[in-house]
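Here are my notes for your first look at this one. Have the viewer open and follow along point by point.

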Amino acid sequence: MKSFRDFISEIDREGMLRKVKRPVSPGLELASVLSYSGKSPVLFESVAGSQWRAVGNVFPTRELVARYLGTDKKGILPALAGAIKSPSLPGEVPAESAPVMENTVSEPDLSLFPIPIHTEKDGGPYIASAIVVANDPEHGRNSSFHRMMVIGRDRLAVRILPRHLNEYITRAGGTLDVAVVIGSPINVLLASAISVGLGDDEFGIANALMPFSTVKLGNGVSVPADAEIAFEATITEEMHDEGPFVDLTETYDILRKQRVMRVNRIHHRNNPIFHALLPGGLEHKILMGMPREPTIFNEVDKVCECKEVNITPGGCSWLHGVVSISKKSEDDARKAIDAAFRGHKSMKHVVVVDDDIDVFSPQEVEWAIATRVQADRDVHIFPGQKGSSLDPSADPSTCITAKVGIDATMPLGRRSEFARAKYLDIRIGDYI
Ligand code: MN
């Protein structure tokens with residue numbers, strides 16, 4: 001068990017945390033600092049108008065996620081894929097021993113939070129790091145990320161796609177009591193970004209990834225006991241403008257009518273740290289894109305032997321994937337393409353390579369495309385597909401898009417013609 005705050009302290013001790021001591025405005029300035037600080041975690045010790053600290057870029061790289069989980073870069077995918085296959089429920093602790101229950105505010109005022117306005121055309125201040133936890137009498141618990149725009153002291157407009165939370169709201173008759181969590185441990189953040197089936201409890205995946213405890217809020221919804229901040233809230237039937245908002249693609253998502261959430265009560269740790277997730281930034285890409293890799297891996301592994309998956313940052317960590325397989329029969333790559341699209345329905349372009357190619361090296365992937373692809377045989381085009389709402393080139397109302405799968409694998413039995421020439425296994429330092 002390691003809390004969000006424990007991890008901040010850990011990277012601080014290691015000298016990896018940058019601290020901004022001068023007061024920073026939550027309106028554009030805070031987000032700009034995050035944008036320019038690249039792969040460095042940043043703690044804002046003073047945010048104008050708020051007594052609370054903010055932290056961002058906490059998970060901008062696979063290395064930092066791996067460090068939190070106690071593994072290495074290559075260990076994340078098998079850990080996630082395994083946790084999806086064998087979930088285990090977290091234990092619950094009483095409110096007295098849950099850090100998130102240290103303080104309770106009965107008259108919420110979101111204007112006291114260090115909530116940033118990220119870019120100049122944004123519809124308002126946005127919480128981008130929040131997960132919403134909800135219960136359904138039949139399907140159980142659901143946990144998912146939802147961006148939320150502040151529209152009043154205790155009101156937020158919440159972007160809800162037609163997925164599980166929306167189903168829960170509909171089943172509840174249009175109004176649903178939920179919990180909102182900010183500053184969750186990494187296992188909960190990753191699991192909440194995974195797309196599993198209706199009724200699959202994301203907290204079970206999180207607990208299998210790294211054990212943690214939950215606490216039940218007054219409205220009966222459980223949250224991680226050591227989270228920084230938790231709201232008891234009600235999703236209402238009232239609709240409000242939501243957006244514009246910069247999403248993963250770093251382009252503006254359109255304005256839509258979305259549901260209003262009313263915040264009823266706020267619980268928080270002593271001296272809470274607000275997680276300021278920069279939309280479209282590296283941390284957003286890691287937390288949203290990387291959890292799609294295990295679902296792709298599990299689908300591809302059903303039809304052939306899957307080795308590695310990379311949702312590439314150049315493809316917005318959402319629209320492009322590279323999959324490596326150990327090819328055993330000639331149609332493995334073609335089957336892997338179909339399976340990969342099943343594993344991540346928003347993906348638009350996928351490249352399948354042999355396992356001698358490092359999926360994390362754009363150079364090697366391009367080399368495979370250059371030396372192993374004949375377009376008329378290996379490029380598979382699928383027009384008229386349901387794509388991502390984030391892709392500005394897809395039809396904005398229907399999300400209809402064309403998908404492409406590239407088979408960049410070698411023909412079986414001809415590896416010697418396609419393999420990269422090898423040299424002796426020497427240490428260059430012995431010579432130069
Ligand atoms: Mn779900």
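1. Start with His164: is it buried or exposed? His164 counts as buried because its relative accessibility is 11%, where buried means under 20% relative accessible area, exposed over 50% and partly exposed in between (1.4 Å probe, protein chains only). Glu202 counts as buried too, at 2%.

2. A quick word on what you're viewing: this is a predicted model, in which local features need pLDDT of at least 70 and side-chain atom pairs count only at pLDDT 80 or more, while totals for chains, interfaces and linings use all residues. Residues are numbered from 1 along each chain as its sequence is written, and side-chain values use heavy atoms, with hydrogens and water left out.

3. Back to His164, then. The manganese ion has Asn142 (OD1), His164 (ND1) and Glu202 (OE) as its protein donors, 2.0 to 2.2 Å away. Donors here are N, O and S atoms within 2.8 Å of the metal (3.2 Å for Na, K and Ca); water is not among the atoms, so sites may look incomplete. Along the chain, the donor spacing reads N-x21-H-x37-E. His164 is in helix α5 (residues 164-171) and Glu202 in helix α7 (residues 202-209), so the pair ties together parts 38 residues apart in sequence. Helices (H or I, at least four residues) and strands (E, at least two) are DSSP runs, numbered from the N terminus.

4. Now the aromatics: how many aromatic pairs does the structure hold? There are nine. Rings of Phe, Tyr and Trp (its six-membered ring) pair if their centres lie within 6.5 Å; planes under 30 degrees apart count as stacked, over 60 as edge-to-face and the rest as tilted. Phe7 and Phe59 are a stacked pair, 5.5 Å centre to centre with 15° between the planes. Phe7 belongs to helix α1 (residues 4-13), while Phe59 is in the loop between β3 (53-56) and α3 (62-69), 52 residues apart. Both Phe7 and Phe59 are buried.

5. Have a look at Phe341 and Phe382 as well, an edge-to-face pair at 5.9 Å centre to centre and 80° between the planes. Phe341 sits in helix α10 (residues 332-343) and Phe382 in strand β22 (residues 379-386), so this pair ties together parts 41 residues apart in sequence. Phe341 and Phe382 are both buried.

6. Finally, two charges over rings. Lys73 lies over the face of Phe360, 5.2 Å from the ring centre, and the charged end of Arg420 is over the ring of Trp367, 4.0 Å from its centre. The test is NZ of Lys or CZ of Arg within 6 Å of the ring centre and within 35 degrees of the ring normal.
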